Amino acid sequence: LPALFAAQPRIHPQPRAAPRRIPRYKLGSLPAPKIDRAPIRAPQFSLARASFVVMASPVVDVDQLAKALYGLLGHKRVSFSEIDRDTYARDMWPRMLLARRAGKPEALRPHAVVWPETVGEVVSIVKLAVRLRIPIIPYGGGSGVCGGVVPVLGGITIDTKRMQSLRSVHSDELMCDVEAGLSGERFERELARRGYTFGHFPSSIYCSTVGGWLATRAAGQLSTKYGKVEDRVAGLTVVTGRGEVIETDGPHRALRGPNWTQLIVGSEGTLGIITSARLRVAPAPQIAIYRGFEVDNVNVGIDAIRRVLQRGLRPAVVRLYDELDTLLNSFSHKVADDNHLNHSMAPQPTRQDGALPHWPSSPPPPDGVIEKLRMFAKNRVGNLRRDAMLGGLGHASAFNRVADTVSSKLAKRGCRVIIGLEGARIRTEVEAALTFAELEAAGARDMGEQPGLSWLSHRYAVSYKMSSMFRDGAFVDTMEVASRWDNLPELYESVRAAIGRHAVVMAHFSHAYADGCSIYFSFAATAPAGDLHAAERLYDAIWNDGLAAATRVGGTISHHHGVGLLKASHMANEHREAMAIYRAAKASLDPAGIMNPGKMGLDAHIADASIAIRSPTPTEAPARFPLDEAKP
Amino acid sequence: VSEKLHAALRSIVGADFVKPMVESSGDIAAAIASDFFRVSPRTPAEVSEVIATCAAHRTAVHPEGSGRRPTTHGRDRDRVFISTRRLDQIVQLDETSLLVHAQAGVTGTRLQEILGPRNLSLGDYPPSVLAPSLGGIIAVRTPGKSSARHGFIEDAVVGVSAVLANGRAVHTRVAPRRATGPDLLRALCGSEGTIGFITSVVMRIHRQPEARFATAYLLPSVDAAIASVYLALREEAAPSGIRIYDLAETAAHFRGLPIVDQLAAKSKSGALMTVGTAGPTDLAACDRDLVASAVRAEGGEDGDHEVAKIWWRRLHHGETTPASPPTFQVMATPRKLAAVYRNVLDAATAAGASARAHVSRFDADGAIVFFSILRGTATLSVDTTDVHDNALVELCKRTATEAGGWLPGAHGLRFAPYLASLHAELDPLGIMNPGAL
């Protein structure tokens, strides 16, 4: 080190590196890329390589693993079965759904899946993994969209869902203690029963867990009022990669030193497993007010919501749809008078449902003749729509141009804004009046309550449209970037243009803050039928170009979906030199490098290279697996 | 410090800005450290060069902000103090996003003076919080750097530039929120210069409020006053300042004003509560009225609102307070506040002394109780050299922590091994402000 220091020239800020173009995510059957084990850009000093172990593909003795795990958890809560390993091989990352649709078997599976029930059990599993040098992959609801739970090197997937109690609600401190595996829906219902809300309503609330939210810095639909999950966490109980429990609870602002809670929140399992958390709750809202507005164009809308937020007002929901999104929204809501059939699987909350909707009752059985005719007509229309959709998506940039013209000419009403406020009655009413007045002063036109209520009742439906798009041969995904207000229009234009070269793209602005806002791009594209690799290349191109555009104009590459595998190779551009601090935290909390390897750009070459299909090793021979015979 | 290093530092920042510590400061600690040097770089690039040079010489670097903390470092190794005094530029004022990018040597007070004429402000933080340099404000974590209306000051930091032990500059990305891994700037906030030397900060700012109201209330007890605060906060009131005085504290702070007799007539255990609200006029009035109705629900009544105006002027406009500074302060969560207050008072009385207190700096974590321990009429200082007085103060502090309070400056001991290996990674030579954490 001293020699290095002595030789070190005067240091000046380094020019920003060009985005690294490397082949990524060889999840299919493409040949394995060369493993580049050199650091991305070796600086003069050793901070680019922290001293955590970068795992290679582990050699796993399954018999030894099985014996040890059965010893720890018994036979019921450990699985080596094919179906469990397939189930826990991925989350809802659309890129992996492409391979799934093409009938490819899961390429990367965990060696074992376990369901611990206590912190002590998690500790012993992690210690075992350290001893055997195999990876640990924490798994919550599996609703992630970035591949954060993909076991790129195999290992033990720890499903946290059996740690699911809401231990206590401290009403006088507005805090609750909750275990990480509790599903969002049950968490919210439990709180509602006691007169509180966590205020976190992601569209995945039915299939995501509290631990998953914390691990990814998730946001709910009402985040403008309640904040993102990192704003609501007061402390964590974490099992670190050393197999030790640390509690970051307590009024941590009274303690000196770095904020460990905020260092672990968002680490996506790379530093440790969150087993429980102390979260801030709010009294259940006494009143909810929803309203729709329309503005001439996106820029007027951005200005209007900025004025509201910077006046110190905190609506719960702020959404501004761009022209195409507004057009499609109004189209779908007008045409689809049989909306309940279109989204028959989606929960449709009404105002009376309170915080959370109940599942819809199943649609009536199609037994009558009229019903049959109706379904026939619907299918015919559906096919026509599908053909038109695929035709449009096949020429994405042309479609975007036409849509621009059509939406700006036909939809003369401009862009839609949805505003919702909720909370304590008196203050919410005052804030609502001030908010609506501010919007009108900024040029927005009040459209009454209906658009707001319409959004409210369809707010969980969008995810349920995805599967029909996939079924029809296209793919869809969403990209959530954010920046300060100052360069928000630039971020919108540049990312939209970057995605628009490959896919049909629309956007809405939501999750607004006094200093900036998130933009939620939805895109749909299609590749030649049956060509998985073409689809994957197209998918990668969209993401690479979109994220590079976001970084170029100073935005962040993720507002609330996280990083996982999807954005791992963009982390170096996002954080630049500051990645040294993350690497140091990794070396501190997980020196053996067993926690969720390959993610977050910490050990990029694993994500890049190890994803090539590995032929099963002899130790993975299924015949030796203690499956059903092991069950008591 | 070797002549070679001295020459190198002079070549980086200029001979005028490398001075022996003893010249600019007359205190004892500085005299001990007479051959330590203070370097005052002008730019972040110079900070990089200074730290890289010191690293090459294995010389410890200590950040120095407004220099209010005494320097008590031993002579066991060479040390260079890097002052942020000349890092005093506002890099950018973004009035669209309401963000200010300022260098670490700008004090919060100075920044308020710059923002004020533009109708902007850092927020309703107590002036004592804003007195140090920005680098010092966010590098050292102590409770109470918060306001009920604008939250914790560290949450207002959206970006940090810092220099690591190898002389490399890091800049965290500025975005309203992120989901791109751990919040790396939170490693720098509170790290007291052991992870990186903070060179500049991007902070949220606010428009000056349209309206301000200051109101005073008389309550039957401190407990009732605390309860009324949380009742109002539950109704989502967001006051810009709240303070609760017990009777003795009211007498000390508002000596000679009729409010003292009014309160004494109401109850011997009564409390005075002063509240400031601010924001759009309707909202500030709404908050004021929510607090007023919470006070009435707890058996309180309106006091002389002029008292609240005096309190606000003293807090924010530099009017002097007749009361002596409190002996010590304790942070407590909402549930523990009343118990901490009562137990310390009882302990002081049982020990043949007395105590008075005010509760202030309410935030999402709780509030801070400022205790004055009195022997006769004299307020004890926390640094008292008298053995008996010192034992009394220690007894009161211990009572406070036993009742669930937190004394500021506590270390998170359970993180010590993790912090040590974090330091070992980022600062293998141990040059970054050694001894600070």
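User: Does B:Asp389 count as buried or exposed, and why?
Analyst: This is a predicted model. In it, B:Asp389 counts as buried because its relative accessibility is 13%, and the cut-off for buried is under 20%.

User: Where is B:Asp389 placed, and what does B:Asp389 touch beyond four places away in sequence?
Analyst: B:Asp389 lies in helix α15 of chain B, which covers residues 387-402. Leaving out residues up to four places away in sequence, B:Asp389 touches B:Arg375, B:Leu380 and B:Thr384.

User: Turning to the largest nonpolar core, which members touch the most others?
Analyst: Those are B:Met273 and B:Phe371, in a core of 154 residues. Helix α19 of chain A, residues 532-552, gives the most to this core, with 10 residues.

User: Which residues is B:Phe371 in contact with, setting aside neighbours within four places in sequence?
Analyst: The contacts of B:Phe371 include B:Pro326, B:Phe328, B:Val340, B:Tyr341, B:Leu345 and B:Arg356.

User: What does the second core include?
Analyst: The second, separate core has 94 residues, among them A:Leu222, A:Ile264, A:Tyr321 and B:Ala162.

User: Now chain A as a whole: how many helices and strands?
Analyst: Chain A has 22 helices and 19 strands. Of its 632 residues, 61% are buried.

User: And what is the accessible surface of chain A?
Analyst: The surface comes to about 24,200 Å², with 56% belonging to carbon and sulfur atoms.

Key:
Residues numbered from 1 in each chain as written. Chains lettered and ligands numbered in written order. Predicted model: local features only at pLDDT ≥ 70, side-chain atom pairs only at ≥ 80, totals over all residues. Heavy atoms only, no water. Core = buried A, V, L, I, M, F, W, Y, C linked by side-chain atoms within 4.5 Å. Buried < 20%, exposed > 50% of the residue type's maximum accessible area, 1.4 Å probe, protein only. Helix = DSSP H or I, 4+ residues; strand = E, 2+ residues; numbered from the N terminus. Contact = heavy atoms within 4.5 Å. Areas by Shrake-Rupley, 256 points an atom, 1.4 Å probe, with all protein chains shown as cover.
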